[in-house]
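Take a look at the structure first.

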Amino acid sequence: MALEWLALARRAMQEFGSRVDAVTDWEAPTPDTEWDVADLVRHVVVEQQWIPPLLSGLTLAEAGDRVRPLGADLAAEWHRFAGLAAAAWEVAPPAAPVHLSYGTVTVEHYLREQVSDITIHSWDLARAAGLDETLDPTLVEAVWEVLDAQREMLSASGLFAAPVEVSVDAPLQTRLLALTGRDADSTRRTDPTGG
């Protein structure tokens, strides 16, 4: 696996973790009108729970048997499961199969997907918690390359709201967020998942 993507995974986890540690209002609304801050963090932590069993080759059903309800301290749960996920990524063979809900992909594909997810949700959390919304530019560039190449699939998937129109010369972070239905220039709370 490209060492670059392992480094990006560590960076994405740091971006999200630093914001989790700064949360003071767990009931604050997020850009997704269906979630408050606790729901958003819980979603990302649960994703981390799935990573070690999936990377070990288990089927979705087998991996699901290993996912347990989270404790009340979501910051502690984040650090616990992010650490376990990071260790699993370090040793997983890049071309090994991973069974996901939409089919079987390689470990490297899954890693890129997870880096993208955590990066976008870092912005969501920053917006919701009133924190610095600036994302690491290296992460933004890498995630842009992944998601821009999947532009048509993203629109058809229903996972995100329709892309927000922004200027072609807008900063790359603004264009990345717009691609996933997020209006970085607005203070309005929108629903980027279309839910």
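The questions below set values against definitions.

This is a predicted model: local features need pLDDT of at least 70, side-chain atom pairs count only at pLDDT 80 or more, and totals for chains, interfaces and linings use all residues. Residues are numbered from 1 along each chain as its sequence is written, and side-chain values use heavy atoms, with hydrogens and water left out.

Q: What makes a stretch count as a helix or a strand, and how many of each are there in the protein?
A: Helices are DSSP runs of H or I with at least four residues, and strands are runs of E with at least two, numbered from the N terminus. By that rule the protein has eight helices and two strands. Along the sequence they follow the pattern α-α-α-α-β-β-α-α-α-α.

Q: How do you know whether the radius of gyration agrees with that of a compact globule?
A: The radius is taken over C-alpha atoms, and the globule rule is 2.2 Å times the number of residues to the power 0.38. For 195 residues, that rule gives a value near 16 Å; the protein has 16 Å, so the two agree. The C-alpha trace spans about 40 × 35 × 30 Å along its principal axes.

Q: Why is A96 called buried?
A: Buried means under 20% relative accessible area, exposed means over 50%, and partly exposed is in between (1.4 Å probe, protein chains only). A96 has 17%, so A96 is buried. A96 sits in the loop between α4 (74–91) and β1 (97–100). Across the protein, 46% of the 195 residues count as buried.

Q: What does A96 touch, leaving out residues up to four places away in sequence?
A: Contact means heavy atoms within 4.5 Å. A96 touches V105, T106 and V107. A96 and S56 are 40 residues apart in sequence, and their C-alpha atoms are 9.2 Å apart in space.

Q: Why is D136 called buried?
A: The relative accessible area of D136 is 17%, so D136 is buried. Its place is in the loop between α5 (107–129) and α6 (137–148).

Q: What makes the link between the side chains of D136 and R11 a polar contact?
A: A polar contact is a pair of N or O atoms within 3.5 Å; within protein, one must be able to donate a hydrogen and the other to accept it, and residues adjacent in sequence count only if both atoms are side-chain atoms. The polar contact between D136 and R11 is 3.4 Å. Leaving aside neighbours within four places in sequence, D136 is in contact with R11 and E15.
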